[in-house]
Amino acid sequence: MFSGWLTAAVFLPAATALVLVFMPRRDSWIRWTAIGATVVELGLTIGIFVAYEVDRGGVQLVDFLDWIPIDGFEANYFLGVDGLSAPMILLTGILGAAAAFASWRVTHRVREYFIWLLILQTAVTGVFASLDLLLFFVFWEIELIPMFMLISGWGTGQPRYSAMKFVLFTLTGSAFMLVGILALFVSQDIGTFAMISLPEEGIVGIPEKMALASGLIAPAGLIFALFFVAFAVKLPIWPLHNWLPDAHTDAPTAVSVMLAGVLLKMGGYGMIRISTGFFLDSPGFQIKDIAWLLAAGAAISVAYGAVVTLRQTDLKRLIAYSSISHMGFVMLGIAAISATGDRGPSGGLNGAALQMFTHGTITGLLFLLVGMTYERAHTRHIPDLGGLATRMPLIATAFLVAGLASLGLPGLSGFPAEITVFLGTWDTWPWATGIAAFGIVLAAAYILWMVQRSFFGPMLPRFADVKDASAVDLIPVVGLIVPIVAIGIWPSLITDSFRVGIAAMLG
Amino acid sequence: MINEAGSWLIVGLPLASFVIIGVVIRPFFNRYANWAGYLTVASIAGSLGLSIWAFASVADAGGNVVMNGNVPREWLSFPGLVLPFGILMDSLTVVMLLTVSGVSLLVQIYGLGYMKGDPGYSRYFAFMSLFTASMLGLVVSRGVVQIYVFWELVGLSSYLLIGFWYTRPAAAAAAKKAFLMTRFGDFAFLLAILYLFTLGTDETNLLDVPTLYLNVGLLGGAAATWIALGIFAGAVGKSAQFPLHTWLPDAMEGPTPVSALVHSATMVAAGVFLVGRFFPLFESTSSVMTTVALVGGFTAVFAASMALVATDIKRVFAFSTVSQLGYMFLALGTGAYVAAFFHLFVHAWFKTLLFMSAGSVHHASGTFDLRYMGGLRKVLPWTYAATIMGGLSLAGIFPFSGFWSKDEILVGALDADSTVGVIVLVLGLTAVAMTGFYMFRVIFMTYHGKFRGGIDKENEDLRAAGQEIDEAHAHGHVHLAESPWQMVLPISILAMAALVAGFLTNPVESYGIVDKHSFGEFVTENEEVFVDHGAAIEAGAEPEFNFPLAFASTALALSGIALAFAMYQAKVISPSRMAVRFRPVYKLLVNKYYMDELYETIIVRKLFYERFARFTASFDKSWVDGVNVQIGSWSQRLGSVLGFAQDGQLQTYGAVASAGLVIALAVFIFWV
């Protein structure tokens with residue numbers, strides 16, 4: 001089976017990167033080729049999202065080839081989308097294009113910059129498109145290299161320190177995951193890397209096999225923990241979050257956009273697809289046994305993240321910490337897995353998935369706008385800013401929209417995600433949900449404080465020459481506001497897909 | 001009979017106006033900003049027309065027009081989690097629709113004149129459209145989450161409008177304060193929604209209001225109490241009741257027409273509406289009803305006391321709003337549902353009038369400070385006459401509308417026949433006297449006596465005191481003339497409303513086309529909220545007119561007015577000497593009971609921000625991050641220690657290898 005859509009979407013950016021290697025040394029050619037490629041890629045991902053037939057469900061647009069056809073160790077080139085991954089691939093397309101547009105003012109080593117950015121996009125798309133665990137892991141690891149290069153080469157502040165910290169944290173996590181993959185594989189009866197069943201190829205996926213697994217060599221709980229650490233670092237969850245503020249703050253704008261927008265979602269995606277999907281009803285260990293831990297961790301992440309956010313005075317650091325808080329909602333939704341009532345865990349998980357998507361667009365937009373503000377005001381230190389709305393009303397308006405979305409204002413996409421998580425989880429974990437819900441009050445406090453201090457107040461003389469966003473600057477801004485508003489008003493645009501994917505997973 | 005599409009259009013018209021102004025006019029045709037004003041007025045006029053249609057339909061249908069076969073639509077739907085939405089068109093809805101669209105229309109017409117020449121003209125009307133649309137959306141909502149959505153959008157619009165002049169730090173701060181304080185209440189409201197949801201099932205989804213009405217009895221005591229309390233907390237925030245009232249006086253930083261709208265039919269009315277919408281739930285739990293009544297009664301007196309000494313005309317009216325809303329909650333808490341909404345209805349008209357008159361006064365004198373006004377009745381004859389009518393109405397003097405509505409509230413408290421009823425009746429009567437005093441203090445200080453120089457004198461005094469003049473004052477200028485017709489016309493219409501609206505309740509006798517208790521009859525026709533009309537009357541929907549009580553409250557109001565006359569017109573009693581004599585009380589009132597300091601300085605800044613948040617942030621830095629960095633440096637050290645083993649010398653490797661072999665052999669021999 002080979003439909004080719006996903007292969008194209010995964011490798012188009014990398015192929016473009018290869019073209020860039022051989023392009024003549026003309027920065028504008030390189031720049032617009034790269035941006036053009038991400039726009040085509042966006043078109044492809046929209047195509048994939050639309051082509052995925054929600055009514056039919058299951059895995060679609062499969063690309064399946066033998067990759068390592070050794071008896072007993074059959075790793076396959078297995079790409080496909082289901083309801084869970086289709087929106088995530090779309091998200092990667094949207095933010096990839098936004099990140100490329102956000103980079104159009106980059107002048108330092110343009111060729112290398114865009115090559116790494118495109119490779120990054122291939123890696124992330126690959127993570128969401130892979131349905132073979134080994135392939136998934138390969139993409140997961142590849143993503144580190146461009147990230148390291150981009151942060152250390154084009155960052156600000158202490159880029160090397162931050163890049164190294166990011167890599168060490170993630171690499172530690174993925175070392176655990178690799179052991180987890182091997183432990184899972186060598187366990188008797190598993191013997192496959194397919195993350196999902198594919199009846200057409202006669203493949204039974206890990207979730208089904210886990211449910212029947214009788215003789216796991218390694219304890220299932222240990223395998224779960226090995227995977228979970230990798231995802232918890234990526235998401236991130238308290239107390240494994242400290243790489244994130246540094247990496248975000250020191251990364252160039254486009255990389256912050258990608259990092260907050262899609263890289264964190266790899267953690268949430270892994271938690272749903274692997275931690276939840278594989279360990280749903282495996283006899284040795286079930287995720288619902290430790291749902292209390294997820295709920296507690298989520299509540300701490302949300303509250304702790306929000307309180308620390310309140311103390312931040314750097315625009316980027318502030319948004320970075322707010323991400324920690326908001327990703328706590330994802331884990332809170334997953335904690336609903338132990339729901340016992342007739343309503344079941346579906347609401348929480350759907351809310352978690354929706355939160356990943358919406359947080360990606362919202363925080364991506366925030367980082368994009370912070371980048372523009374920094375470019376113009378030459379500082380991100382909030383007490384030094386002020387009155388910018390007078391000089392740059394467009395950026396200020398967009399910033400306010402993004403900020404309001406981030407604090408969960410109804411009508412924008414943060415709200416349906418948060419309310420779904422809360423409604424889905426309250427029954428099972430009322431205290432954790434209550435604490436997390438208080439996060440919306442704290443979010444209002446830090447967002448409105450930030451907006452007030454940076455954009456409102458009298459215009460300061462030192463910003464008298466600041467210019468508003470240009471037409472090109474506005475393309476990614478509008479491109480991100482559209483899904484934020486559209487999903488805020490009519491969330492079913494995206495939730496129909498998630499619903500199908502999660503229903504299939506929960507069986 | 002109005003259909004669902006028409007009902008949506010009530011919300012949709014102003015919403016479309018917002019979108020068109022925001023996406024088309026403001027960015028591309030800002031030269032034609034005038035069109036933003038006309039578009040807003042036209043769209044809200046359309047909403048008013050549709051609201052009248054809705055009103056007629058509901059009257060025909062006996063209290064409730066059923067939409068979409070009484071089946072809610074689905075906004076979000078997951079297995080086990082469905083969020084319904086739709087239109088709920090009952091008598092409460094249409095009363096609110098008429099009030100909101102009517103008041104808003106007049107405010108927009110007024111704004112055409114008031115905002116003329118402001119660089120943010122089109123932005124102003126965009127926000128106003130959004131504000132009106134949100135409030136209209138709130139009152140037609142059928143789903144509980146849908147109510148929450150519009151509830152928050154009302155809060156957003158207030159935020160945008162209070163902070164409309166965003167270059168002024170005070171405006172930006174007031175906007176943030178309004179949003180944050182109301183969000184505290186909203187948090188409790190949200191928890192109530194979550195709790196409510198989990199009590200339902202897929203078949204009986206309690207997040208659908210009509211379904212909730214049918215199943216209120218099944219909720220059980222404690223659950224109903226907690227849910228009602230959460231909802232009430234939301235209402236306390238939005239309606240600026242004690243202890244979440246401190247944002248409203250600061251909200252004066254917005255343009256005056258915004259205050260007129262915020263204080264009458266929108267923002268603050270939303271809280272009263274919310275309690276009314278969930279009234280069957282509240283009625284099922286007596287402890288919450290008591291709480292509502294006491295909070296309302298206390299706030300009525302508490303806020304009125306601060307109005308006694310405020311020197312900013314808009315602040316006096318702001319405290320007055322808080323106080324009057326207290327009456328509404330007092331009424332709801334004693335079960336006098338009809339009286340509460342009748343008071344909301346008439347208060348909306350005369351409070352809008354008073355704010356508009358304050359704007360008109362500002363137009364002439366350039367200031368909002370009562371100490372720099374005086375004698376303006378000669379230059380503002382229309383405004384003066386209208387203010388008198390609004391003022392008499394607010395003070396509750398026969399035959400103005402406030403007299404009727406306040407009387408119904410007091411009768412309701414008396415008829416409640418309980419200790420709580422007596423307590424709140426006493427509170428209510430106390431506030432009546434205070435209301436008469438502060439209202440006529442404003443009238444005498446503004447319109448009577450000699451003109452005290454307006455903004456010019458104020459700036460002079462500020463300079464003399466060595467203070468900086470903020471931009472707000474710099475804008476104003478003395479311009480002693482009546483305001484343009486766009487401002488006078490709405491004021492005059494509202495003055496008429498203040499005179500006649502009260503007769504709609506008509507508690508004495510049927511007269512002409514107005515039946516006895518016509519308002520009460522209309523509102524209680526709704527079988528969803530009131531099982532039958534007889535039961536509603538039983539519950540005090542149509543109180544008999546109580547002459548002794550009416551006489552007492554009028555006497556109290558008149559004595560308040562007389563005291564104001566003595567102090568500010570006849571000058572028999574000197575206000576400044578009173579202030580010295582009752583210095584501690586005066587200081588307490590002027591400083592608003594120090595609640596701003598308590599909240600902002602002590603709780604938020606000192607305790608939360610500088611202690612708790614600071615501790616958490618430093619914990620994050622030194623401990624969480626510190627441990628991570630430590631692990632990093634330990635691994636580095638471990639690496640460098642172990643590195644000695646790899647020194648590249650064959651002798652060392654040989655020695656280590658031999659030693660290892662010996663150990664291995666020893667283990668093998670002795671243990672195995």
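Colleague: How many helices and strands does chain A have?

Modeller: Chain A has 20 helices and two strands, taken as DSSP runs numbered from the N terminus, with helices being H or I of at least four residues and strands E of at least two. Bear in mind that this is a predicted model, where local features need pLDDT of at least 70, side-chain atom pairs count only at pLDDT 80 or more, and totals for chains, interfaces and linings use all residues. Residues are numbered from 1 along each chain as its sequence is written, while chains are lettered from A and ligands numbered from 1 in the order in which they are written.

Colleague: What size of box do the C-alpha atoms of chain A fill?

Modeller: Roughly 70 × 60 × 40 Å, along the principal axes.

Colleague: Now the interface: how many residues of chain B are in contact with chain A?

Modeller: 40 residues of chain B are in contact with 49 of chain A, contact meaning that C-beta atoms, placed from the backbone, lie within 7 Å.

Colleague: Which element gives the most on the chain B side?

Modeller: That is α6(B), with 14 residues.

Colleague: And what touches Leu494(B)?

Modeller: Leaving out residues up to four places away in sequence, Leu494(B) touches Leu106(B), Trp349(B), Phe350(B), Thr352(B), Leu353(B), Met356(B) and Ala386(B).

Conventions
Contact = placed C-beta atoms within 7 Å.
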